[in-house]
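Here is a short report on one protein model. Keep the sequence and the picture side by side as you read.

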Amino acid sequence: NTSSGIAWRKQHDIVCNPSNFDPILGFGEVEAFPEELLQEIARSGYDSPTLVQSQTLSVAISGHDALITAATGSGKTLAYIWPMVVHINDQPHINPGVDGPIGLVLTPTRELAKQVFKYASTFIQSIGGKAMEVAGGNRGTWELTKELKKGCEIVVSTPGRLIDLVKKKGTNLKRVTFVVLDEADRMLDMGFENQVSSILGNIRPDRQTLLLSATFGKRVEKVARGWLKNPVRIAIGRTG
Ligand code: ADP
Ligand code: MG
């Protein structure tokens, strides 16, 4: 069992005090960022964190679950991709052919999966890792499985496609310790609640889970209670 005994909740001094999540005002403040990641952020033209990134980075890097609501266009993708890269950077390397991904992002649609994949790919590559988007229709299960077996740290998928791939032994969720549920409100609108629950039921319970949503209401609150553990609530602006 490759997933047992891995001390994955490495604490980062600057941001590990749960009672004091200071907003991050500049990327250079984040001591947990590997140098290569900082360089890639600069190369990509990002000068400073957006509001939601400023609030989320310290919480997510410290290992807490979080429920994050902020309007579309506020920069939520990188608010979770960068902490995911930090998390993966702290893990023992994956064993290709045996281990599945460490980071998992679930999205409601293929289009969103593709967008998220681009960011995930750019930044995980900076530390020598790999991301794959498995929701798209072009590649069949056999082809995806072959590529996944070569080793892949981050998988981005829609819930149904991932369930199918796991069932066909294209990948496994044993090493997943960092899960992101992006556009959770839309996933609920599209009727994916049971599929997401079923996926999370197959991931180790001591994982870290982040839920992102453009809106916040009774339904999101209810699923968050089941899917997250003592989440930190981050709300930027009015989100319902
Ligand atoms: P959301 O998921 O909240 O709708 P996105 O993650 O799609 O937002 O980001 C919206 C846009 O903001 C993207 O074009 C992204 O590249 C840009 N962006 C993200 N972070 C920053 C930043 N720190 N500085 C400048 N632009 C950013
Ligand atoms: Mg988004």
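Strand β5 (residues 178-181) and strand β6 run parallel, joined by four bridges. Within this pair, Val 179 has Thr 209 of β6 as its bridge partner. Helices (H or I, at least four residues) and strands (E, at least two) are DSSP runs, numbered from the N terminus. Two strands pair if DSSP finds at least two bridges between them.

This is a predicted model: local features need pLDDT of at least 70, side-chain atom pairs count only at pLDDT 80 or more, and totals for chains, interfaces and linings use all residues. Residues are numbered from 1 along each chain as its sequence is written, while chains are lettered from A and ligands numbered from 1 in the order in which they are written.

**The sheet**

Now widen the view. Seven strands form an open sheet, in the order β3-β4-β2-β5-β6-β1-β7, with parallel pairing. At the edges are β3 (131-133) and β7 (232-235), and each of these pairs on one side only. From one strand to the next, the twist averages 15°. Axes here are lines fitted to C-alpha atoms, for helices over the stretch in contact, and angles run from 0 to 180 degrees between N-to-C directions. Strands of a sheet pair through backbone hydrogen bonds, either parallel or antiparallel.

| Strand | Partner | Bridges |
|---|---|---|
| β1 (residues 66-69) | β6 (residues 208-213) | four bridges |
| β2 (residues 103-106) | β4 | four bridges |
| β3 | β4 | three bridges |

Look at β6 again. In β6, Leu 210 stands opposite Ala 66, and Leu 212 is the bridge partner of Ile 68. Six of the six residues of β6 are buried. A residue is buried if 20 or more other C-beta atoms lie within 10 Å of its own, exposed if 12 or fewer, and partly exposed in between; C-beta atoms are placed from the backbone. Gln 208, Leu 210 and Leu 212 point one way from β6, and Thr 209, Leu 211 and Ser 213 point the other way.

Strand β4 (residues 154-157) has a like pattern. Ile 154 and Val 156 point one way, Val 155 and Ser 157 the other, and all are buried. Ile 154 of β4 stands opposite Gly 103. Ile 154 also stands opposite Ala 131.

**The core**

Which residues have the most contacts inside the largest nonpolar core? They are Ile 68, Val 85, Ala 120, Val 156, Leu 181 and Leu 211, in a core of 71 residues. Helix α3 gives the most to this core, with nine residues. A nonpolar core is a set of buried Ala, Val, Leu, Ile, Met, Phe, Trp, Tyr and Cys residues joined through C-beta atoms within 7 Å. In soluble globular proteins, nonpolar side chains tend to be buried together.

Take Val 85. Leaving aside neighbours within four places in sequence, Val 85 is in contact with Leu 37, Phe 123, Ile 124 and Ile 127. Contact means that two C-beta atoms, placed from the backbone, lie within 7 Å.

**The ligand**

The residues around ligand 1 are Tyr 46, Pro 49, Thr 50, Gln 53, Ala 70, Thr 72, Gly 73, Ser 74, Gly 75, Lys 76, Thr 77 and Leu 78. Each counts as near if its C-beta atom, placed from the backbone, lies within 6 Å of the molecule. Helix α3 (residues 76-89) gives the most to this shell, with three residues. By class, the shell has four nonpolar, seven polar and one charged residues. Ala, Val, Leu, Ile, Met, Phe, Trp, Tyr, Cys and Pro count as nonpolar, Asp, Glu, Lys and Arg as charged, and the others, Gly among them, as polar.

**Loops**

Is Ser 126 buried or exposed? Ser 126 is buried, because 20 other C-beta atoms lie within 10 Å. Ser 126 is found in the loop between α4 (110-125) and β3. Leaving aside neighbours within four places in sequence, Ser 126 is in contact with Glu 36, Leu 37 and Glu 40.

Lys 169 is in the loop between α6 (159-167) and β5. Lys 169 is exposed, because it has 9 other C-beta atoms within 10 Å. Its phi is near 60°, a positive value in a residue other than glycine. Asn 230 is in the loop between α9 (218-227) and β7. Asn 230 has a phi near 40°, also positive. Asn 230 counts as exposed, with 8 C-beta neighbours inside 10 Å. Most residues other than glycine have a negative phi, and most peptide bonds are trans.
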